[in-house]
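Here is a short tour of a protein model, taken one local feature at a time. Please keep the sequence and the 3D view open as you read.

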Amino acid sequence: MNKTDIKTLGQLKQTGYKSESVKDELRRNLITQLKKKEEGGFEGIVGFEDTVIPDLQTAILSRHNILLLGLRGQAKTRIARLMVNLLDEYVPYIEGSELFDDPLNPISWFGHSIVQEKGDDTPIAWIHRSERYTEKLATPDVTVADLIGDVDPIKAATLKLTYSDERVIHFGLIPRAHRGIFVINELPDLQARIQVSLFNILQERDIQIRGFKLRLPLDIQFVFTANPEDYTNRGSIVTPLKDRIESQILTHYPRSVEISRKITQQEASLTHEQRVNIEADGLVKDLVEQIAFEARNSEYIDKKSGVSARLTISAYENLISNAERRMIVNHEDKTFVRIADFLGVIPAITGKIELVYEGELEGPAKVANILIGKAIKTLLVKFFPDPEKAKKAKAPNPYAEIINWFSDGNTLAVLDDLPFAEYKKLLTSVTGLKDLVKQFHPRLVESQQLILMEFVLHGLAEFSQLSKGFLDNGFAFSDMFNSLFNLQPDEDDDLDLDDDRY
C-alpha cells in the first residue's frame, strides 16, 4: 500500500510511523545523500562546491537556523529554496488543520480536539514537500500580525466566541510554516520591533498575540538572508536576534571567468530559435563575464553594493538578441555574435551597477562602455601578444601592418547591423588583419576568424594604438595621431569621439 493511501490515524500507527522534527528530517536526508556522494540537494548551484555548500551542510547536520550573508546576486534565495529537496516527499498531517499538525504530536486546539474526539479514526492527509516552504520578503511595512498572527473579530463573531478563546486567533505566516522551512529575505529591512518578535520563536518557541501567551512548540527550519550593505543603508539585524541564529554563512561571487560563464549559460533564458540560429563563440561569452569582473574592481562602482550575477545573464541575453535583430533585419537564416553587438549589452549593465561619485560624473552608459573596453583589453593579451610590449620589443611588431594601414589615412566603420558579406569585406580590407589572426590562430572557422579580426581592432584601440569613436549603431576606427591632430568632425557627422549613443 502506498503511504499516501493511509487515511486514518490508526492506519498510520500500524505502519510504525514516528514523529520527527523538520531539522532531524533535513539532517537524515542530507546524510543519506552524502553517503551516496550526491550533491546534497543543491543541484544547479555553481562555484560554491568548496565554500558555501560545505558550510551549509555542516549547519544542517548541526540542526541550526541559518543566516546567508552576502551581496546581491549571490544565489542566497536560490540556496534557501533548494533546501526543500532535503525534505521527505510526503508527510502526514491531521486533515483540516491549518497548522498541518503532526498526527502523533498535534500542537493546535483543532489538532488536540479532533484526536481526543475521534482517536484512531482521526482523518489523515498528506502534504508534499513543495508546500512546506514559506518565503517572506522583509519590507518596512511588515507587521507582527503578518508574521505571528492576530485576533480575528470576524471569526469570534461567527463562532460566537469571546476574545479569551484561543480559537479566535488568526495565525500568521510563521505558525502556518509549522513542520516546514520558513525563509525571511533581506532580514535587516524588518523594523527592529518586528525582529524582536522573533526572539521567543527561535529560542523558547513561545508566541504572543495580543493578550494571549501561547506555548506552541513550533517545528520550523528558519533561513534568513541579508546583504551586508543593509547594515549601513537601511537597517541592521538586532544583536539578540543575530545571537539566536546559530550559523552565519558567507556567500561570494564566482571566483573565475569559467565558473561565472557556467552560471550564465545555465541561467540565461534563450528561445530554441536563438540557440539554433545564433552562434556565440567562447570569446564573446568570456567577454560578457569579464565585464562583471572589471565592474567589481572598478573605481566607478560601489563595491559594497556588489555586481549581481544577473548582470552577466541579462547582458548575454541582450547580446544574443542584438545579433538576432540583425539577422531578422538582413533576412539571414543564421548569424553569429560580433564584438559590435556589445552595444546591445549597455542597457543590461546600466541598471545593475551602483555608481560612486566619480561614476556619477561619468554617467552609467559611459561607465558601461569603459567596462566593456577594459574587458576587451584584459582578454586581448590572452589571445594575442601584448601590443605595448610588441611595440617596444626588438622583434618585428605583429600589429605594424594594421597600424600602418590606418596611418595612411584609412578609416573603418563597423556597424552592428551589417550583413555578413559586407562585414566580411570590411574587415578583410584592413591590410595585415587577417594574416595576424591566421598567424596566432590558424585553425578557425570563418566566423571565429572574423570575430577575432574585429576583436583585434577593439583591443588595439584599448591599448591606444588606434582611435575608436562611437557611432549611433557601431564603432569607427582610425589612426590615433590623425584623430588627435587632424580629425575635426563636422556638426552633421555622426562620429562622436567623446560620447556614446546614450
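Where is E186 found? E186 sits in the loop between strand 7 (180-185) and helix 9 (192-196).

## About the model

This is a predicted model, in which local features need pLDDT of at least 70, side-chain atom pairs count only at pLDDT 80 or more, and totals for chains, interfaces and linings use all residues. Residues are numbered from 1 along each chain as its sequence is written, and side-chain values use heavy atoms, with hydrogens and water left out. Helices (H or I, at least four residues) and strands (E, at least two) are DSSP runs, numbered from the N terminus.

Look for A75 in the loop between strand 1 (66-69) and helix 4 (76-82). With 30% relative accessibility, A75 is partly exposed.

## Aromatic pairs

There are nine aromatic pairs in the structure. Rings of Phe, Tyr and Trp (its six-membered ring) pair if their centres lie within 6.5 Å; planes under 30 degrees apart count as stacked, over 60 as edge-to-face and the rest as tilted. One of the pairs joins F222 and F224, which are stacked because their ring centres are 5.8 Å apart and their planes at 5°. F222 is buried at 4% relative accessible area, and F224 is buried at 0%. Ring pairs also link F182, F222 and F224 into a cluster.

F384 and F440 form an edge-to-face pair, with centres 6.0 Å apart and planes at 85°. This pair links distant parts of the chain, 56 residues apart: F384 is in the loop between helix 19 (364-383) and helix 20 (387-392), and F440 is in helix 23. F384 is buried at 3%, whereas F440 is partly exposed at 31%.

## Helix 23 meets helix 24

The axes of helix 23 (residues 433-440) and helix 24 (residues 446-462) come within 9 Å and cross at roughly 110°. The two helices are therefore roughly perpendicular to each other, a class that covers angles of 65 to 115 degrees. Axes here are lines fitted to C-alpha atoms over the stretch in contact, and angles run from 0 to 180 degrees between N-to-C directions.

Conventions:
Angles under 35 degrees count as roughly parallel, over 145 as roughly antiparallel, 65 to 115 as roughly perpendicular and the rest as oblique. Buried means under 20% relative accessible area, exposed over 50%, partly exposed in between (1.4 Å probe, protein chains only).
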